[in-house]
Amino acid sequence: MHKMITKITCRLGRCVSTLACRTTQVRRLLHGAYFRIQPSVQEALMEGRPVVALESTIITHGMAYPQNLSMAREVEKIVKTNGAVPATIGILRGQIHVGLTDEELQFLASSKNVVKVSRRDLPYVLSQGLSGGTTVSGTMIAAHKAGICVFVTGGIGGVHRGGENTLDVSADLTELGRTPVAVVSAGVKSILDIGRTLEYLETQGVCVAAFGESREFPAFFSRQSGFKAPYHVQDEEEAAKLIASAMGLGLSSGVLIAVPCPQEQAASGQVIEEAIQQALSEARSKGITGKELTPFMLQKINELTNGKSLDSNLALIKNNARVGSCIAVALSKLQKATRKGNLPRQEDTTPPQPVVIGGINVDFIAKAQNPVILGGGQTNAGRVRRTFGGVGRNLADCLSRLGLTPLFLSAVGKDEHSESILHYCQHMDMSAILQLERKSTATYCAVITSAGELSVGLGDMDIHHQITEQYVSQFKEKLCRAPLICIDGNVPLSTIQYVCQLAREHQLAVCYEPTDENKASKPFLSDSWKALTYISPNLQELRAINRTLGNPLPAELPSRLEDVIQTAMALARPLLAHLCCVVVTLGAHGVLLCGKSLGGSILLRPAAHEQPAAASLCATHYPAIHISREEIVNVSGAGDSLLAGLLAGMLAKHDTDTCVRMGLLAASLSLRSYEPISPAISTATVSWQQVQGKTWPEAKVWKMD
């Protein structure tokens with residue numbers, strides 16, 4: 001017996017020890033055409049925190065608007081109050097969402113033409129791009145695939161009365177027999193054949209336990225059904241142990257925890273039971289069966305009881321949410337204790353990811369064919385292409401192609417543009433992107449001269465305001481572990497200030513890409529900028545930053561290279577009191593690196609930046625790789641490619657010259673590409689080996705002290 005217990009304990013330990021790894025794997029697999037996990041849920045799963053799945057059929061088909069919405073919000077609040085993360089599951093436009101935003105909850109609660117989705121309905125609903133509420137069965141499938149162990153609902157379906165003749169058996173029961181999720185419910189509704197339901201669950205191999213002091217199996221509105229559950233668990237700790245045992249054994253079946261309705265609601269149970277019998281009789285006479293029966297019964301019973309049944313319904317749902325959350329918390333504690341106590345702890349060998357926070361745009365690039373662009377409403381001959389850009393997206397794209405795959409935090413709408421973006425960016429970690437209903441994905445239109453210079457740009461960027469501090473703070477742990485955080489000027493000021501505060505508290509390396517002259521000054525409106533490590537402005541953006549700080553400005557910006565360099569040094573000088581490095585992009589003239597120099601090389605890494613007292617301030621100019629005007633196709637991503645290549649070299653601990661030249665290689669490839677970030681960029685085409693094998697024009701150094 002001792003050996004048997006030891007074997008089961010070890011197996012449970014093995015199961016638990018691989019949970020975090022499996023969750024990460026599932027997260028990556030699910031971020032595709034059919035599944036989307038909300039960032040807060042995803043983060044909780046990855047960290048092993050308790051998560052509670054919630055169904056959405058009760059929202060779409062169980063109650064009228066707006067009561068359904070207030071109920072959904074209150075249930076999620078109860079889950080949070082009791083220490084777990086709520087994950088309401090629903091289907092929006094052909095995609096299963098594990099965790100819903102408040103906007104998405106409103107959409108499901110107020111929509112009229114939504115589908116009730118069980119296992120059999122999933123393929124059709126997804127293929128047709130429909131929206132719907134998931135039943136117990138549908139929710140269990142999604143919860144299991146996402147790695148959520150505990151699911152709270154009102155009551156499960158069962159064997160209908162007369163089911164021995166009609167074979168009318170809810171898919172909830174067969175799902176419990178083949179999907180390993182613990183379902184917390186108030187038993188089954190008394191309109192069903194409870195005895196045969198329990199028999200059917202036994203046949204399916206489902207472990208059923210009543211919650212509390214008694215083995216009495218509850219009947220939704222009533223604490224007593226006249227039937228006993230096979231087992232009972234007295235509290236959440238016992239329930240958690242039961243669920244953990246089922247998981248440890250690797251059973252493919254689920255667990256049903258039957259929670260009686262609150263004692264204070266029990267008094268109305270008899271009144272409701274009489275109403276149930278009357279409603280059932282009316283349903284038979286009207287021929288109402290199948291999936292239409294439950295909504296009819298709930299509405300009719302509510303009428304007959306003058307709303308008492310709805311009050312009881314709400315009370316038991318809230319009670320289940322409280323109990324289910326406590327069980328999820330107890331299970332999470334048990335899993336962590338098992339992982340620590342029974343097994344040698346496996347080190348997490350996954351290196352921390354860089355994080356990029358910024359905008360995604362759909363870019364429409366119009367390049368003129370003729371040297372002169374005619375005004376006055378005339379049509380100019382040219383070529384128009386759609387590409388995918390945004391400074392943040394460009395940086396994340398280029399870093400991903402260089403083997404770093406940063407976590408990308410951004411926001412898109414739910415429209416035809418977002419689907420195209422997600423498909424195009426499959427090589428990137430887009431798992432944390434916000435997709436928002438009734439919002440438009442950012443679009444940008446650039447008119448480029450035949451010489452490849454930007455003439456005018458127009459943008460619809462309102463959605464970038466949704467990259468909020470609240471959203472970004474969900475990833476605080478990842479931010480604090482990141483070897484580098486990149487943030488662009490599209491991000492709201494409060495979010496930039498939040499990241500700067502984190503950087504100050506945790507000594508994080510943060511690179512700010514100003515984006516354009518109007519957005520460049522955001523961090524510089526307060527002392528937040530002093531926590532930055534790098535910035536990468538062009539000369540116009542650098543002037544705007546100094547204007548905000550009240551520093552002296554040149555009367556006008558020069559065009560001659562020597563004058564450009566002197567002006568850039570003068571403008572960068574006051575910033576280096578706090579920044580490690582200022583990377584001034586100079587377009588066709590290349591790049592000017594300003595910072596502390598030791599032994600003739602500017603220091604890129606913050607740790608080195610803090611050490612040497614002997615270091616002096618210098619600027620190094622690196623000329624660009626020559627490209628003819630005819631070869632230049634698109635300038636919109638060249639600066640982002642340069643910065644990403646430089647940062648990739650820095651993270652690989654290459655010397656400064658190699659880092660900058662990796663950036664110049666990446667920029668030259670993107671200038672020749674119709675895409676902002678060239679698909680030709682890779683670890684083979686942009687590397688220290690490629691830098692070593694190429695002849696470079698000499699870099700020139702100036703002292704700034």
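Where is the place of arginine 438? In this predicted model, arginine 438 sits in the loop between strand S17, residues 434-436, and strand S18, residues 443-448. The phi angle of arginine 438 is near 60 degrees, which is a positive value in a residue other than glycine.

Proline 66 belongs to the loop between helix H4 (57-62) and helix H5 (67-81).

**Domains**

The chain is divided into domain 1 (30-262 + 312-335), domain 2 (354-502) and domain 3 (533-704), according to a domain assignment. Between the C-alpha centres of domain 1 and domain 2 the separation is 38 Å, and the contact takes 16 residues from domain 1 and 17 residues from domain 2. About 1600 Å² of area is buried between domain 1 and domain 2, with carbon and sulfur atoms giving 43% of that area.

**Helix pairs**

| Helix pair | Axes come within | Crossing angle |
|---|---|---|
| H16 (residues 391-401) and H24 (residues 638-651) | 9 Å | roughly 45 degrees |
| H24 and H25 (residues 656-671) | 7 Å | roughly 150 degrees |
| H8 (residues 136-146) and H10 (residues 171-178) | 8 Å | roughly 25 degrees |

For the pair of H8 and H10, the crossing angle of roughly 25 degrees is under 35 degrees, so H8 counts as roughly parallel to H10. On the H8 side, Val136, Ser137, Met140 and Ile141 meet Ala171, Asp172, Glu175 and Leu176 of H10; by class, this contact holds 5 nonpolar, 1 polar and 2 charged residues.

Helix H24 takes part in the other two pairs, with H16 and with H25. The crossing of H16 and H24 at roughly 45 degrees makes these two helices oblique to each other, and H16 passes H24 in a right-handed crossing. Their contact is formed by Val391, Asn394, Leu395, Cys398 and Leu399 from H16 together with Asp640, Ser641, Leu643, Ala644 and Ala648 from H24, and its residues divide into 7 nonpolar, 2 polar and 1 charged.

H24 likewise passes H25 in a right-handed crossing. Here Ala638, Ser641, Leu642, Gly645, Leu646, Gly649 and Met650 of H24 meet a set of residues in H25 that consists of Cys659, Val660, Met662, Gly663, Leu664, Ala666, Ala667, Ser670 and Leu671.

Definitions and conventions: Residues are numbered from 1 along each chain as its sequence is written. This is a predicted model: local features need pLDDT of at least 70, side-chain atom pairs count only at pLDDT 80 or more; totals for chains, interfaces and linings use all residues. Side-chain values use heavy atoms; hydrogens and water are left out. Axes are lines fitted to C-alpha atoms, for helices over the stretch in contact, and angles run from 0 to 180 degrees between N-to-C directions. Helices (H or I, at least four residues) and strands (E, at least two) are DSSP runs, numbered from the N terminus. Angles under 35 degrees count as roughly parallel, over 145 as roughly antiparallel, 65 to 115 as roughly perpendicular and the rest as oblique. A crossing is left-handed if the near helix is turned anticlockwise from the far one by less than a right angle, and right-handed if clockwise. Contact means heavy atoms within 4.5 Å. Ala, Val, Leu, Ile, Met, Phe, Trp, Tyr, Cys and Pro count as nonpolar, Asp, Glu, Lys and Arg as charged, and the others, Gly among them, as polar. Buried area is the accessible area (1.4 Å probe) that two parts lose on being put together, summed over both.
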